[in-house]
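Here's a quick tour of a two-chain model, written for someone who likes cut-offs spelled out. Have a look at the structure first, then read on.

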Amino acid sequence: MKKKLICLAGAMILGAMMLAGCSSSGSSGNTFTVGFDAEYPPYGYMDENGDYTGFDLELAQAVCDLEGWTLVKQPINWDNKDNELNSGAIDCIWNGFTIDGREDDYTWSVPYVDNSQVIVVAKSSGITTFADLSDKTVGVQAASAALEVLQDEEQQKALADTFKTLQEFGDYNTAFTELQAGSVDAIAMDIGVAQYQIASRGNDEFIILDEHLNSEQYGVGFKLGNEELRDKINADLKTLKANGTFDSLADKYELSDMTCLE
Amino acid sequence: MSFQVILQQMGLGMLKTVGIFVLTLLFSMPLGFIVAFGRMSKNIVIQGITRAYISVLRGTPLMLQLMVVYFLPYYIFHISIGGWRYPAIIVGFTINYSAYFAEIYRSGIEAIPKGQHEAARLLGYSKVQTFFRIVLPQVFKIILPAVTNEVITLVKDTSLAYSLSYIEMFTVAKQIAAAETSMLPFAVAAVFYFVFNLLVSTVMNQIEKKMSYY
């Protein structure tokens, strides 16, 4: 019995060690480590086969193909994105990453998607304008661009002050479930994500308000001062735009009317 | 995504969860003994250090400890932490659980009546002999239920590895839930955790039975 237990323990340890060996990741040599939030479709998410994909990740893959790098897709905890980037665990944040308001915090690539922050409500709620949101509970993702807009005095702080509460949540799936269940009345988020969420939930329950919170752009964020890598990616994005790869990817993810890469 | 793919992806995530679980137990259980002896030491310095160790590790959230272990090397020494992710998780979990195990061990060791030590001494046992031949076998029996508690908690705590962007089972569930805009993966996660814990408690029950020899 004892021997059996020891054998079993040994086997488990060996297995665990092997797993440990597989999972080490770094940003050395010819690898390009992209940090992304894997709960952020259509920019980065898990596809039908359980692989990470999305508009941004396919774009990153196209860049790696040009440069001859190996793409490492590192899903990150969005709250820790700065630590991950500054410590060198990832080379860039490429994941529907809003430039506006963060201009001085990262070294930015050229903007490639024009994005707005919008409010999503249930069709049956009767909310059609920002004025209707007064005394309502509004959800917003923690550490997101939408939250920054709603907290900025110069932007929509005044609107946010009319809300009953501004409810922060971790991911959009939870937020939409809460919206469905009626525990929040509206959600503030990026228009691209809103369109994906609404389309995959059958299009008939939710609407996006015509008024937009703001207009902003997505870029690839690099560690402050990492201009060498930034310049490479900028050049590659230009090449991908010129040879049509960029547009066909935008088409695939139904983002064509939102791109802004020249 | 078909249900089969969901199961498959979450199964792969479960392997990582089990990896954290096994390595944490492997390192924290022995380390707990060292800490427990430090805590019971008559040397005031050693006792003070281990008291502080236990106090800090039990008094702060595990998630915070994981972040400290992972990011501190960069922020203090400015060294790149590429590749440090998985070791950091194991180190974080190990030191946290060693503090709890240490207190469980101490409770078991101190539960042995002083009379037994005195009787053993009278019979000519040395201190080391007394500990290994008389005290320790009884300690194992006393602490087993408490250890089982801790081990089951560990299974569920593994989901905290997500704070260091380690994609274990629960994180996979969240990602699939986001992509599929469905809550089904969470139900699957619940079943995974429950079945695994059922397995753990069955094994611990067996061990308890084996040890009920007097």
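In chain A, 77% of the contacts with a separation of 6 or more are between residues 24 or more positions apart; a contact means C-beta atoms, placed from the backbone, within 7 Å. This is a predicted model, where local features need pLDDT of at least 70, side-chain atom pairs count only at pLDDT 80 or more, and totals for chains, interfaces and linings use all residues. Residues are numbered from 1 along each chain as its sequence is written, while chains are lettered from A and ligands numbered from 1 in the order in which they are written.

Chain A has nine helices and twelve strands, taken as DSSP runs (H or I, at least four residues; E, at least two) numbered from the N terminus.

Where the chains meet, chain A puts in 37 residues and chain B 30. On the chain B side, α1(B) gives the most, with nine residues.

| α1(B) | B:Ile6, B:Leu7, B:Met10, B:Met14 |
| α8(B) | B:Pro185, B:Val188, B:Ala189, B:Phe192 |

Technical notes:
Contact = placed C-beta atoms within 7 Å.
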